[in-house]
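Biologist: Could you walk me through this one slowly, as I am still new to reading structures?

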Amino acid sequence: ALPIWNESPLDSTIRSQGIDSFDMNVAKKVQIRDSIGLQFRAELFNLFNHPQFAPPNGALGNAGFGRVTAQTNQPRIGQFSLHATI
């Protein structure tokens with residue numbers, strides 16, 4: 001059996017920001033005739049476009065020690081689809 005990992009978005013051993021992302025999915029299915037239907041779907045990832053920063057530079061003696069210089073998540077992304085069923 002495979003192990004089950006239940007990791008929290010916040011980990012006290014890692015000094016960085018936790019996961020802060022809101023995703024949304026909206027779908028509408030319409031039956032046009034008995035055998036023909038359409039499904040429209042809109043999906044938005046990182047809905048509020050909230051940045052999630054990378055951990056600070058941890059290399060002691062480096063001029064950039066303690067600085068956050070990167071973003072780990074993607075900006076707001078949306079995708080739309082239309083699916084026909086016959």
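Modeller: Let me begin with a definition: helices (H or I, at least four residues) and strands (E, at least two) are DSSP runs, numbered from the N terminus. Read along the sequence, the pattern of the protein chain is β-β-β, which amounts to 0 helices and 3 strands.

Biologist: Where does the model come from, and how are residues numbered?

Modeller: This is a predicted model, in which local features need pLDDT of at least 70 and side-chain atom pairs count only at pLDDT 80 or more, while totals for chains, interfaces and linings use all residues. Residues are numbered from 1 along each chain as its sequence is written, and side-chain values use heavy atoms, leaving out hydrogens and water.

Biologist: In what order do the strands sit in the sheet?

Modeller: The 3 strands form an open sheet in the order S1-S2-S3 with antiparallel pairing, where two strands pair if DSSP finds at least two bridges between them. Strand S1 (24-31) and strand S3 (77-85) are at the edges with a single partner strand each, so one side of each has no neighbour in the sheet. On average, neighbouring strands of this sheet are turned by 10 degrees against each other, direction ignored; the axes here are lines fitted to C-alpha atoms, for helices over the stretch in contact, and angles run from 0 to 180 degrees between N-to-C directions.

Biologist: How many bridges join S1 to S2?

Modeller: There are 8 bridges between S1 and strand S2 (residues 37-45), and the two strands form a hairpin with 5 residues between them. Within this pairing, Lys29 stands opposite Gln39, and Asn25 stands opposite Glu43.

Biologist: And what about S2 and S3, how many bridges there?

Modeller: S2 and S3 pair over 9 bridges, again in the antiparallel sense, and one of the partners is Ile77 in S3, which is bridged to Phe45.

Biologist: Back to Gln39, which residues does it touch?

Modeller: Leaving aside residues up to four places away in sequence, Gln39 touches Ala27, Lys28, Lys29, Ser81, Leu82 and His83, where contact means heavy atoms within 4.5 Å. Gln39 and Lys28 are 11 residues apart in sequence, yet their C-alpha atoms are 5.7 Å apart in space.

Biologist: Is Gln39 buried, partly exposed or exposed?

Modeller: Gln39 has 25% relative accessibility and therefore counts as partly exposed, since buried means under 20% relative accessible area, exposed over 50%, and partly exposed in between (1.4 Å probe, protein chains only).

Biologist: Changing topic, how much of the protein chain is buried?

Modeller: Of the 86 residues in the protein chain, 10% are buried.

Biologist: Where is Ile36, and how accessible is it?

Modeller: Ile36 is in the loop between S1 and S2, and Ile36 is partly exposed, with a relative accessible area of 32%.
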